[in-house]
Amino acid sequence: MSDTLNERSYQPQTLEAEIQKFWEERKDHRAPATPEGEKYYVLAMFPYPSGQLHMGHVRNYSIVDAIARYQRMRGKSVLHPMGWDAFGLPAENAALKHGVAPAQWTFENIAHMRGQLKRLGLSYDWTREFATCTPEYYRWEQWLFLKLWERGLVYQKESTVNWDPVDQTVLANEQVVDGRGWRSGALVERREIRQWFLRITAYADELLQGLEQLQGQWPDQVLTMQRNWIGRSEGAEIHFPLVDEDGVIKVFSTRPDTLMGATYLALAPEHPLVLARARADSDLAAFVEDCKHVAVSEATVETQEKAGRPLGISVRHPLTGETLPVWAANFVLMGYGEGAVMAVPAHDQRDFEFAQKYGLPIRPVIQPAQAENAGTVDAAYTGPGRLYNSGPFDGLDSVEAKSRITAALEARGLGHKTVNWRLRDWGISRQRYWGTPIPMIHCPHCGVVPVPEAELPVVLPTHYQLRDPRSPLLDDPSFRDVPCPQCGAPAQRETDTMDTFVESSWYFARFTCPDAASMLDARAWSWMPVDQYVGGVEHAVLHLLYARFFNRLLRDFGLLPADGRFDEPFRRLLTQGMVLKDGAKMSKSKGNTVDPQELLDRYGADTARLFILFAAPPEQSLEWSDSAVEGAYRFLQRVWRLVQDYDGEPTPLPAKLSGAARDLRRAIHQCIERVTFNLEERHHFNVAIAACMELTNTLARVDGKDPELRAVLGEGLSALVRLLAPFTPHLAEACWMALGGKTALAHTPWPTVDPEALVADTLTLVVQVNGKLRERLDFPASADEAEIRSLTLAHPQVQKHMEGKELRRVIVVPGRLVNLVLS
């Protein structure tokens, strides 16, 4: 490598390859089995092996690598792993398109992307790499599935689901965006399918409360999204007795204070009462069928045109005995409460629009504080107020009325106070092939039977050549047909596979012990939780919520300690912004992508990393700029020349420094202070890099022939290359060697601030005259307010501004400015 170090010009393609070989030979980035001293676990959301890195990947991984390298130089044991989120529809669909097996397509992509990641010089511990599509990995989620089954946290039931007609599979509500499948973009339909569910609702309260300890550590936006998705709401369960038959219709309402304004009930199209009547009513049956072509998501339901059909049945109002009609309505979800709502058109906008369309009564019962009436013909009044048209509850405010009306319902045995949750159990069944097999067997005699633990893993066959979206597991007797583990009779395996979010819900823990002979071992206790997690905000109510749920499952099954330290999987979260070009997100469909490989081939990895970290704070969107990439490359050339021109190792600092040397050393240590603060406290890499650029400009002006200044310049260059190490590690490593560095930067301490170097002999203050900037003057650092006043007034330049005017006041703002008030 000596020849490369002695090159006068910066040649990143050669340099970076040699530096990466140097790191690999020394195993510089390999984490110990358990932390040695203080630990730091830093992790990026692992990628789907699509075949090519995009600039979003480059940004995400450059951010995380900068953090990992900084923390290593701070002396911590750093765990920085990488793996592959390898199951899922994209691989299956690509295999269909290209005529190859999904496994072959996946592993070829992994090999290519691994090479790209290594080309970026990312400091991963590659010994911990795994892909989630291997039996060695997914056997443990099959094992956990069986444990959850034993505890009743897994169940199967008929359910109304979101069906993607293109991808031919069920989607969770979180995977439906504006009524369309999150991957295919197809309009989603409703279907009744038997599904497997994880009982995440059993942890709803804990998941909500846990957000409090993440306050200040996670972005407020993510915390708000999760609170809203979990959606705890207090209210009342209200029973409406059926008029002509036995039974009641139960509804949940957060506004029992509006009960006296209820004028009809609305049921979901899938409600049993609706389906029973649809069998004898062709118009109702057609309506139910139409509703199947709308996604089972609140966003879709809220925005669609309201429609319904009368059921020809009635209920009695639980307090007044009034007869209310019952309708089927497309704005009611079967998954909310029990699929029924009491409609109060005067005080709910959906109910109002529906009532107007079908001529149903609108009865206002809440008087707003500053209005003469409520429930106008234009819109519902949804706020609090005082009750009227409410019989014995007239005059009560909304808060007291909720309590009094709920108590009246309880006294009649027709309701009670309760808590409802927006969160629904997680449907994990997917009707596609490329996923983890669900370890259950269907026996005609014994029913649903778990696969014996000793027979795990249930291995997914990987040889299929796919011809259509239909899962080949359905038609493969060698996989499907098995004897029942209980009675030995012919039985069939479950052919649904698990949602790929199951794999990503615990991978972070497996990285701590990837070769463990159980799901996790004690090494996880020493590394968890993740200290810094980085990824996209689009996973706020998908991966991030599921991972918090799974972490609690791992705790409750004894795989992580139950002492409170391990409840949350990610201590801190950073959600990086998108990479834009011409103001739009980069995408192939828009033709505005930048190929990272071309960037690396032309400028090298360090230029790519420097640009992407300098262009914007990590949480903000980044606008692509070819000229800024060129600027980053020129900066690295300048640093390289500075080190080459120094030509040797830094010399010791003299015991006493002259004024110029002291000023230079102060600039160096101010830079160290600024970079350290922005890496440690805020991850504002752009500000830290700007400080390094300012220091580079300062060092470039130094006369290196002066022995005293040369010594300080050597200290400055030594600090500069270490400060740049998290951002441009190849160049920094090479420059460190050229300066005589004895250890690799991964094992070299981060530069520290010398407080004495920051002490200035002079203090520069702005001088204003009547609030306008006129001069900048230097004062002794020890000068008090009186001395600053005296020196300012005596200065010839200041006196020129005072000619012909009367001095009325002198204002000294310590450390900042002097303002002369003249008349």
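This is a predicted model: local features need pLDDT of at least 70, side-chain atom pairs count only at pLDDT 80 or more; totals for chains, interfaces and linings use all residues.

Q: Which residues of H23 are buried?

A: A general point comes first. An α-helix has 3.6 residues a turn, so residues three or four places apart point the same way. In H23, the buried residues are Phe-685, Asn-686, Ala-688, Ile-689, Ala-690, Ala-691, Cys-692, Met-693, Leu-695, Thr-696 and Leu-699.

Q: What covers the buried residues of H23?

A: The cover includes helix H3 (55-73), helix H20 (605-614), H21, H22 and H24.

Q: How should H22 be read in terms of its span?

A: The 24 residues of H22 should span 34 Å at 1.5 Å a residue, and its end C-alpha atoms are 34 Å apart, which agrees. The buried residues of H22 include Ala-661, Leu-664, Arg-665, Arg-666, Ile-668 and His-669. The buried residues of this helix pack against H3, H23, H24 and helix H26 (755-758).

Q: How is the packing of two helices such as H22 and H24 described?

A: Two packed helices are described by the angle between their axes and the distance between the axes. Here, helix H22 (residues 659-682) and helix H24 (residues 707-724) pack at an angle of about 10°, and their axes are 9 Å apart. H22 and H24 are therefore roughly parallel to each other; angles under 35 degrees are counted in that class.

Q: Which residues of H22 and H24 meet?

A: On the H22 side, the residues include Ala-660, Ala-661, Leu-664, Arg-665, Ile-668 and Cys-671. Their counterparts in H24 include Glu-708, Leu-709, Val-712, Leu-713, Gly-716 and Ala-719.

Q: What follows just after H22?

A: Just after H22, His-683 takes a positive phi of about 55°. His-683 is found in the loop between H22 and H23, and its positive phi occurs in a residue other than glycine.

Q: Is His-683 buried or exposed?

A: His-683 is buried, with a relative accessible area of 4%; the cut-off for that class is under 20%. Gln-168 also has a phi near 55°, again a positive value in a residue other than glycine. Gln-168 is in the loop between strand E3 (154-164) and strand E4 (169-171). Gln-168 is partly exposed, with a relative accessible area of 31%.

Q: Where are cis peptide bonds found, and what is omega?

A: Pro-457 is found in the loop between strand E20 (447-450) and helix H14 (477-480). Another cis peptide bond joins Met-528 and Pro-529, with omega about -5°. Pro-529 lies in the loop between helix H17 (523-527) and strand E24 (530-535).

Q: Which residues touch the most other members of the largest nonpolar core?

A: In soluble globular proteins, nonpolar side chains tend to be buried together. The largest nonpolar core has 191 residues, and Trp-426, Tyr-507, Phe-508 and Phe-727 touch the most other members. Apart from this core lies another, of 38 residues, among them Ile-238, Met-260, Leu-273 and Leu-409.

Q: What does Phe-727 touch?

A: Leaving aside residues up to four places away in sequence, Phe-727 touches Ala-66, Arg-609, Leu-610, Leu-613, Leu-679, Phe-685, Ala-688 and Ile-689. Of these residues, Phe-685, Ala-688 and Ile-689 are also listed among the buried residues of H23.

Q: How is the chain as a whole to be summarised?

A: Its secondary structure comes to 28 helices and 32 strands. Of its 823 residues, 56% count as buried. Among contacts with a separation of 6 or more, residues 24 or more positions apart account for 72%. The C-alpha atoms fill a box of roughly 105 × 80 × 50 Å, taken along the principal axes.

Q: Into which domains is the chain divided?

A: The division gives domain 1 (31-86 + 104-129 + 213-221 + 516-624), domain 2 (143-199 + 425-498), domain 3 (232-421), domain 4 (627-758) and domain 5 (762-822). The C-alpha centres of domain 2 and domain 4 lie 58 Å apart.

Terms used. Residues are numbered from 1 along each chain as its sequence is written. Side-chain values use heavy atoms; hydrogens and water are left out. Domain bounds come from an automatic or database domain assignment. A nonpolar core is a set of buried Ala, Val, Leu, Ile, Met, Phe, Trp, Tyr and Cys residues joined through side-chain atoms within 4.5 Å. Buried means under 20% relative accessible area, exposed over 50%, partly exposed in between (1.4 Å probe, protein chains only). Contact means heavy atoms within 4.5 Å. Axes are lines fitted to C-alpha atoms, for helices over the stretch in contact, and angles run from 0 to 180 degrees between N-to-C directions. Helices (H or I, at least four residues) and strands (E, at least two) are DSSP runs, numbered from the N terminus. Angles under 35 degrees count as roughly parallel, over 145 as roughly antiparallel, 65 to 115 as roughly perpendicular and the rest as oblique. The expected span of a helix is 1.5 Å times one less than its number of residues.
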